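This report describes selected features of one protein model. Please examine the sequence and the structure shown below before reading on.

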Amino acid sequence: MANEPSFARPASSLMRTLSLDIARVTEGAAVAAAKLRGRGDERQADAAAVAAMHRELADLAIDGRIVIGEGERDEVPLLYEGEELGVGGQPVDIAVDPLEGTTLCAKSLPGALAVVTMSERDCMLKVPDVYMEKIAIGPGYEPGLVSLDRSIEENLARLASAKGARVSELTACVLDRPRHARLIEEIRAAGAAVALIGDGDIAGVIQTCKPDETGIDIYLGTGGAAEGVLAAAALVCLGGQIEGRLSGLSDEQARHAESLGIENPRRLFRVEDMVSGDIIFAATGVTDGPLLPGARFFDGRIETHTVIMRSSTRTVRWIRAEHLDVRKFER
């Protein structure tokens, strides 16, 4: 297939085409999950999103490979790491989170998303299913302004100085978890406010890119490593900064990380270490949230809201779609 004329265009041209096709992937997963909002069944909602996303990816004109997925091949039947998808075309690596915020969807709480990232081959960091410490800020700052190697107090002071503000005017987004009790105390002791979120740290990181709208100046805390890479994909498109460090690895997990090409599992990863090359990031709202409205169902039509970003062109598209053929979501 790779030798056929239809696939002889430059990679940039093909990635531009995919940046629109990818909307169908996240829309399908979001609608499937949204049909189960508020039903209290996280597994059912996640399974519906996974099946819909798998179906849409399989239909794309790509030679796709899952590098961050739902788990290893012997653990999950679909979207497993290493699975190949597509009808043939440009070789791409794919990172997915079919339902970011399963609890949010099950409880019909704000902020659930369907997320996909695509890149050229070997341009996304492969990570094991472990935690990652993260710190992230939006665009417009000198590289390395904040870092996991600095104290919370110093990071907040440096960010406040760069913004021409006081630390007391800053708000940090943090996942509401018992493990973050000390972190929350340190942020408040430094003088900043804390905005707690129940789930969905990809959206939490992205919120740092529009602090005037979201009220979020910095993201801090420990969440999934896979979500860290997906968030980095969005930030490289938006010009933001993120650092991550794998956390709490067992000996077996450290060996797995090394098998994925991470020679030093305790190293510090910056945004350029997690993603490179031409990156496409797409997310569709499942429930209403600060980033996107959720899917909406009407008599004879479905409305979705999607954001698509591309790193090489620094383009961000906000797509409000009305789907008049609702049968396509019932396959």
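## Two listed residues and their surroundings

Glutamate 70 counts as partly exposed because its relative accessibility is 27%, a value that lies between the limits of 20% for buried and 50% for exposed residues. The model discussed here is a predicted one.

In an unreviewed entry, UniProt lists Asp46 and Glu70 under the term "binding site". Although these residues are spread over 25 residues of sequence, they cluster in space, with a largest C-alpha distance of 10.1 Å. Both Asp46 and Glu70 belong to the lining of the largest pocket.

The two residues are placed in the following elements of the chain.

| Residue | Location |
|---|---|
| Aspartate 46 | helix H2 (residues 42–58) |
| Glutamate 70 | loop between strand E1 (62–68) and strand E2 (84–85) |

Which residues does aspartate 46 touch, when residues up to four places away in sequence are not counted? Aspartate 46 touches Glu70, Leu99 and Thr102. With neighbours within four places in sequence likewise left aside, glutamate 70 is in contact with Asp46, Val50, Val76, Leu78, Leu79 and Pro98.

## Aromatic rings

A pair of aromatic rings is described by the distance between the centres and the angle between the planes. The structure holds zero aromatic pairs. A ring does, however, take part in another arrangement: the charged end of arginine 301 sits over the ring of phenylalanine 298, at 3.9 Å from the centre of that ring.

Conventions:
Residues are numbered from 1 along each chain as its sequence is written. This is a predicted model: local features need pLDDT of at least 70, side-chain atom pairs count only at pLDDT 80 or more; totals for chains, interfaces and linings use all residues. Side-chain values use heavy atoms; hydrogens and water are left out. UniProt positions are given in the numbering used here, feature names are shortened, and annotations may be inferred rather than shown by experiment. On a 1 Å grid over the protein atoms alone, a cavity is a set of points where a 1.4 Å probe fits but cannot get out, and a pocket is an open set with protein on both sides within 12 Å along at least five of seven lines; lining residues have an atom within 4 Å of a point. Helices (H or I, at least four residues) and strands (E, at least two) are DSSP runs, numbered from the N terminus. Contact means heavy atoms within 4.5 Å. Buried means under 20% relative accessible area, exposed over 50%, partly exposed in between (1.4 Å probe, protein chains only). Rings of Phe, Tyr and Trp (its six-membered ring) pair if their centres lie within 6.5 Å; planes under 30 degrees apart count as stacked, over 60 as edge-to-face and the rest as tilted. A charge sits over a ring if NZ of Lys or CZ of Arg is within 6 Å of the ring centre and within 35 degrees of the ring normal.
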